[in-house]
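Dear colleague,

Please find below the structure that I am handing over to you, together with its sequence.

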Amino acid sequence: RGGWGGARGGGGRGCARPGLGLAVVGSKLGWGSGGVGHHFAHPSSRFWKALHLAGFTPRLLTSFEERDLLSLGLGLTNLVDRATPAARELSRGELREGALKLKRRVRRYRTARLAMLGVGLYRMAFDRPLAGVGPQQELVAGALVWVLPDPSGLNAHYQVADLGRLF
């Protein structure tokens, strides 16, 4: 299994290996994902569709194929190692602690780029209140950072096609 961490109490493990070109970083696992042990496992998840539309995968993958991302130079992890129904249930302290752990993992794995899923997540975790969608000026442990909209269906501001263009 990967070394990026996972959710406590039956959650999924992240997938990573040294020298990844890109690690995708979410906030936490949802209840359903934590229950089956895979990221973005809900049948209506927009993450896998957006990743494919953006050209990162040669075909539409499912959460049960998340380890296939490694062969494409991609990793997958979360800031917080527990499952919750919604990201709003995470405290600022949990997000900041997760950011510190992420920095250590990025250094250890020598990850080149991070794609942070969620503008609010990035703003709170890394104390960047003015951050927006797109590339960021600041590096995280030497890695370039691109902030993306949260692909959760709760984020109605972006449709799947929009997410695919932005990813």
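I begin with strand 1. Five of the five residues of this strand (residues 22-26) are buried, so strand 1 is largely enclosed by the rest of the structure. Here, buried means under 20% relative accessible area, exposed means over 50%, and partly exposed lies in between (1.4 Å probe, protein chains only). Helices (H or I, at least four residues) and strands (E, at least two) are DSSP runs, numbered from the N terminus.

Before going further, please note that this is a predicted model, in which local features need pLDDT of at least 70, side-chain atom pairs count only at pLDDT 80 or more, and totals for chains, interfaces and linings use all residues. Residues are numbered from 1 along each chain as its sequence is written, and side-chain values use heavy atoms, with hydrogens and water left out.

In a regular strand the side chains alternate between the two faces of the sheet. In strand 1 both faces are covered: L22, V24 and G26 are buried on one side, and A23 and V25 are buried on the other.

Which strands pair with strand 1? Two strands pair if DSSP finds at least two bridges between them. Strand 2 (residues 74-78) pairs with strand 1 in the parallel sense over five bridges, and V24 has L76 of strand 2 as its bridge partner. Strand 3 (residues 113-117) also pairs with strand 1 in the parallel sense, over four bridges; in strand 3, L114 stands opposite A23.

I turn now to the salt bridges. A salt bridge is a side-chain nitrogen of Lys or Arg within 4 Å of a carboxyl oxygen of Asp or Glu. By this rule the count is five, and three of them are described here, including the one between R59 and E65.

- R59 and E65: the closest N and O atoms are 2.5 Å apart. R59 counts as partly exposed, at 41% relative accessibility.
- K101 and E97: the closest N and O atoms are 3.2 Å apart. Both residues lie in helix 3 (residues 92-109), four residues apart, which is about one turn of the helix. K101 is partly exposed at 24%, and E97 is partly exposed at 44%.
- R128 and E138: their side chains meet at 3.6 Å, N to O. This pair links distant parts of the chain, ten residues apart: R128 is in the loop between helix 4 (119-125) and strand 4 (134-135), and E138 is in the loop between strand 4 and strand 5 (144-148). R128 is partly exposed at 32%, as is E138 at 30%.

Yours sincerely
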